[in-house]
Each structure stands twice: as structure tokens, then as C-alpha cells.
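Welcome! Please take a look at the sequence and the model shown here, and then read on for a short tour.

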Amino acid sequence: MSPSGRAPGPFHGPATPPFERILEFGLVACGLLSILTTAGIVAVLAGETVAFFREVPVRAFLFDTQWTPLFADKHFGIWPLVAGTLLTTAIAVGIALPFGLLSAIFLAEFAPARVRSVVKPLLEVLAGIPTVVYGYFALVTLTPLLQRVVPGLSGFNALSAGLVMGVMIVPFISSLAEDALSAVPDALREGALALGAGRLPTVLRVVVPAARSGILAALLLAVARAIGETMIVAIAAGQQPILTLDPRSSVETMTAYIVQVSMGDVPAGTLEYRTIFAVGTLLFLMTLGFNTLGLRLARGAQRVG
Amino acid sequence: MSTALSPTGRRADRVRERLFVALSAVSVAVPLLVLALLLGDVLRTGLGRVDWAFLTSYPSRHWERAGILPALVGTLLLNATAAAMTLPVGVAAAIWLEEYAEAAAGRGGRARRTAMGWLARLVEVNIANLAGVPSILYGLLGLGLFVRTLGMGRSLLAGACTLALLVLPVVVLASREALRTVPDSLREAAWALGATRWQLVRRVVLPLALPGILTGTILAVSRAVGETAPLVVIGALVYLTFLPTSLSSPFSALPIQIYNWTSRPQAGFQTNAAGAIVVLLATLLLLNAAAILVRARLQRRSRA
């Protein structure tokens, strides 16, 4: 019997001894550390970004079309970096979405169990390779190959970086989309088949539409992933902030700019140092937006399924 | 799901279906072929470069003489320290979320209405979001917080703290998965025997969940081993001519060394990069093998 005489119900147990209460505080503190991490990221980014905008007007950040904070003639227009990021992201997701979605349909609807048990771990290997290795592949292996086919392809270019990033993201999309497809109740499949639909029309017109919010969630999370991807673009896309959407050109993404400044020796407290936090804040807001939307959609999809 | 089950009668439909299945099988195969090409290329270039001298030499301006010793030692120290920090914290957070916050108000249902349930829900959402934050932003956090504000400088400790925060969400998620595999009937049996909550956690739940927790943690750490961007931002060095002697020493790491060598125009250094990639991938392979072994061994023990 519990010392306090309270009846030990199934969800309460005996009265908690004092040392366990202290212990519980420790456990809660560990849980709260994750919130402190988020708070830390926001505080560090916000602090330096506010200092940045005290020296650089928001107008110059949003409406200038040049980004040259490291030159004598300084311009702080963010668009070249945003364009570089969107370009590489579009190429990557443009490749990864069809491949990832078709892989997911294959694995969830058509593949025999034996094939699936071999292919899924292999796809996970693809996701586990460090991004710096993919960067090496894009610059050293793929770019020379592409230069033979694509005329005017620069040594550093958005195309090669985007393609390799796309390959990296395929397993990410495929596993999320497969979860969404598997969550579609079998009753829908059986209903369609009973109405005389073939397997292919059943999959394409019933199962995939029923899983659409989960698939959209996979797409949004993949976009966030591509926007934040750093090493592939820093190595293979170049470090020239050119405002262009030409995939053959060298571009600089937001993440690659942060790497570029970090590799140099920029003293803390200078305006150059603060630029990386301002760029980081924008990066944070963009990925947070896509992630939040994606996670919300994914949760909604689970509830339906 | 064999084709025989298909109620499709028309031949054209069957052909269309075959074509579609073939197309989707190809789209699984293409990324895997690219993977094979990538690994083949790296192995062909890099394997010949890896020898004892390469592993035990310091960086050099001459690529033939350059080696990865400080980078390799840095990577090992960095990730061992990060794992030592993140494992207890991550497991504790997972225990709180799974065994205390959730259970205190009954599974599901009323959990959200208590203050503790609300807090747990906040932590949950927060962890899901943290897992999606790009790793380079953890680098900026580390730079602002550990390197500058806490005055650690560009040290091994600052790097390890940053990596620890980076993998924490993954460790928490993996540990929760592992805790969830322990059947509720065991918890109920422990309650019925008069166990307190901590006795239940310590003697029943943790031992059973341990293989899953360790496996998940090793996999999380193997992600940290390949992380480059946050270490670049923290200020890892690429040209280190001595080994770190303490946690406050400057440091290098394998991915940083690979990045540096890959970015140099001379082909010799890119060969070095391929060699270092081979070593990095071998390290990851070892970690994954260790995860599988740990799981197998502990599972056998807990069944006995």
C-alpha cells in the first residue's frame, strides 16, 4: 500500500517519493532544452539581424538587385541570393518529385514484398550519405560529364548542383509519399476494383487523389530541405551572386553565402559578420514556413487515413 | 497483389498497366544507379590514395604528402563528446514525454488539458520543427551562443555542443519510438505490483527499450559525423599541424577537410578528397554495423 494511504489507481501509482519528484524535474528540464534551442536560434538570429538593419535600410535589402557586401562598393539586395536558392531548389525538387512519387507508388502499390525489403534500405543509404560527398560528386564527376552535353555550362553551375540535390531528396519524398499512400484505407481500393476499375485506374484515380494532402506535405517538406541544403551548392553551384535563372550559370545560394563568409576571417561585430545572420533569418523564415505547412498537412492526412 | 487478381478485361488496359509499373520501377532504379556510379567513382579515385601515411600525416601544401590525421582525430573526439552530451538528455526528454506527460493524464484524451500535457505538446511540436531546421542555422546558433556569448572560442567544445543540439531532436524521436514498443501490459503489471513510476521506468521500460534507444542514437550520431555546414560556420580549421589536446583546442574534422580539398583546383587534392571520402564512408559503415550488432546482442540478452 502507498505510504500516504491514497488508493493506487492505474494511472497514479503509489504516492511519489520526494527523490522521484526531483528526478521528474530533471526529466522535464531535459525536455525543455529543445525549446531553449529554438529560443536560442531565434534570439541569436534576431539580435544580429536587428543590428544589421540599423545600418542597412530594409529598402536596400528588398529592392536593390545586387549583393556585394564584401566589396568596396557595398550593395545589400537579397534577390541574387534568393534567386540562386530558388533556382537550385526548383531543379532539385523538379527531379525528385516525379522520381520520388513514382518510386512511392511502385513500393506501396505494385512491388512484391521481397523487392520492397531490398529497395527500401538501399534508398535509405542514399539519404545517409553526407552532403559534402554529394558536393564532390556534383563538382568533380557530374559537371565535366554535363559540360560535354550542355553548351555554355560553367564550371560551377546551378544545374549540376540541383540535379545531385534532387537525387539526394528522392528517398525523402518517396518515404513520405509511401506513408501517405499506405494510409489510404483498403476499402477505397476494394470499392474501385468492385466497380470494375483496373488496378492502374484504381491507383491513379482513387488512391493517389485520396493521399494528395500527404503527397503535398512531402513536397513542401522537400522544398524546405532543398532551400536549407548547404554543402552541395557551396561546392558545385559557385559563389557568385548573379541575379539569373539560367541553370548553366554560376549562382550563389543563401546557404552558400553563409559558408563563403565563414571560410574567410570576418571579425565579429562588423557589418559583413552581421550579413550572415540577416541571410540566416530569411533562410529560417522560409524553411519554417514550408515545414509548418508541410507538418500540418501531414498530420491532417494521418487523421483522414 | 498479382496481376491475375486484376479484374481488368481489356488488353489495352493491361498493357498500359505493365508500362506504368515498368516506368515506376525504372524511377526507383535510376537514383540507385546514380548511387552506384557515385560510389564506384569515389572508390576508383580514392581507394588507392588511402594508406597508412595518408591516415597518419598532417595536411600539407603538397598533395602527395598531405594526410588526414588531425581531421580524423577531430571527427572522433567531436562526435564522441557530442554523443556523450546528447544521449542522456535526449533519453530523459523521451522518458518524460512518453512515460510521464502522456501517462499522467491517461493516454490520449485528457492529456492536453493539464498544464503538463500542454507543455509536453509544445515540446513535441517544437521537436518536430527543430528536426526541419537546416543544419547551417545550428552553426549560426553555435557561433552566436557557444563561440561568442559563452566565450568558448572556435574550440572542439563549441563544435561538440553545436552537434549535440543538432542531433538532439533525432535522439528524442528515436528514443520515443523505442519506448513505445514496450507493451502496456508490462507497465500495468508493474503498477499492479506497486512499483512507483521511476521504478517502472528504471527496471521495466528502460531495459526493454535500450536496444532501440542505442540503435537510434548511433544512427543519429552517424548523421552528425557527416555534418559539414555547422562546423564551417563554427570555424573548424582546415590546416592544423597539431592534434587537439583538450576540449578548448581548435579542431578540424573529416568533412571539413573533404570540402577544402574538393574546392581546390588541383586534381591531386581532389584525389585526396576522394581518399578522405572513402575513410568517412568507412566510418559511417562501421557505425551502422555497430548499431545493428548492438541491437542484435541486446535483444538476445533481454529475451534470455
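## Where the two chains meet

The contact (heavy atoms within 4.5 Å) draws on 79 residues of chain A and 81 residues of chain B. This is a predicted model, in which local features need pLDDT of at least 70, side-chain atom pairs count only at pLDDT 80 or more, and totals for chains, interfaces and linings use all residues. Residues are numbered from 1 along each chain as its sequence is written, chains are lettered from A and ligands numbered from 1 in the order in which they are written, and side-chain values use heavy atoms, with hydrogens and water left out.

The size of an interface is often given as the accessible area lost when the parts come together. Between chain A and chain B, the buried area (the accessible area, with a 1.4 Å probe, that two parts lose on being put together, summed over both) is about 6,900 Å². Carbon and sulfur atoms give 78% of that area.

How many salt bridges does the rule find across the interface of chain A and chain B? There is one, where a salt bridge is a side-chain nitrogen of Lys or Arg within 4 Å of a carboxyl oxygen of Asp or Glu. It joins the side chains of E17(B) and R199(A), at 3.3 Å from N to O.

On the side of chain A that touches chain B, helix α1 (residues 18-55) of chain A gives the most, with 18 residues. Helices (H or I, at least four residues) and strands (E, at least two) are DSSP runs, numbered from the N terminus. That side of chain A divides into 55 nonpolar, 19 polar and five charged residues. Here Ala, Val, Leu, Ile, Met, Phe, Trp, Tyr, Cys and Pro count as nonpolar, Asp, Glu, Lys and Arg as charged, and the others, Gly among them, as polar.

## A look at chain A

Chain A has 12 helices and zero strands. Its radius of gyration is 25 Å, well over the 19 Å that the globule rule gives for 305 residues, so chain A is more spread out than a compact globule. The radius is taken over C-alpha atoms, and the globule rule is 2.2 Å times the number of residues to the power 0.38. Along its principal axes, the C-alpha trace of chain A spans about 75 × 65 × 35 Å. Of the 305 residues in chain A, 50% are buried; buried means under 20% relative accessible area, exposed over 50%, and partly exposed in between (1.4 Å probe, protein chains only).

Helix α11 (residues 254-263) of chain A is mostly covered, with eight of its 10 residues buried. Among them are M254(A), Y257(A) and I258(A). In the loop between α10 (231-236) and α11 of chain A sits S250(A), which is buried with a relative accessible area of 6%. The side chain of S250(A) reaches the backbone oxygen of A237(A) at 3.4 Å. Not counting residues up to four places away in sequence, S250(A) touches several others, including S154(A), F156(A) and N157(A).

## A look at chain B

Chain B has 11 helices and zero strands. Buried residues make up 52% of the 304 residues in chain B.

## Salt bridges within chain B

Over all chains, a search of the whole structure finds 17 salt bridges. One pairs the side chains of R187(B) and E99(B), at 2.7 Å from N to O. This pair links distant parts of the chain, with R187(B) in helix α7 (residues 184-192) and E99(B) in helix α3 (residues 69-104) of chain B, 88 residues apart. Buried or exposed, what are R187(B) and E99(B)? Both are buried.

Another salt bridge joins E124(B) and R176(B), at 2.9 Å from N to O. E124(B) lies in helix α4 (residues 115-130) and R176(B) in helix α6 (residues 156-180) of chain B, so the pair ties together parts 52 residues apart in sequence. E124(B) and R176(B) also belong to a network of salt bridges with E98(B), R121(B), E177(B) and R180(B).

Conventions
Polar contact = N/O pair within 3.5 Å; in protein donor to acceptor, adjacent residues only side chain to side chain.
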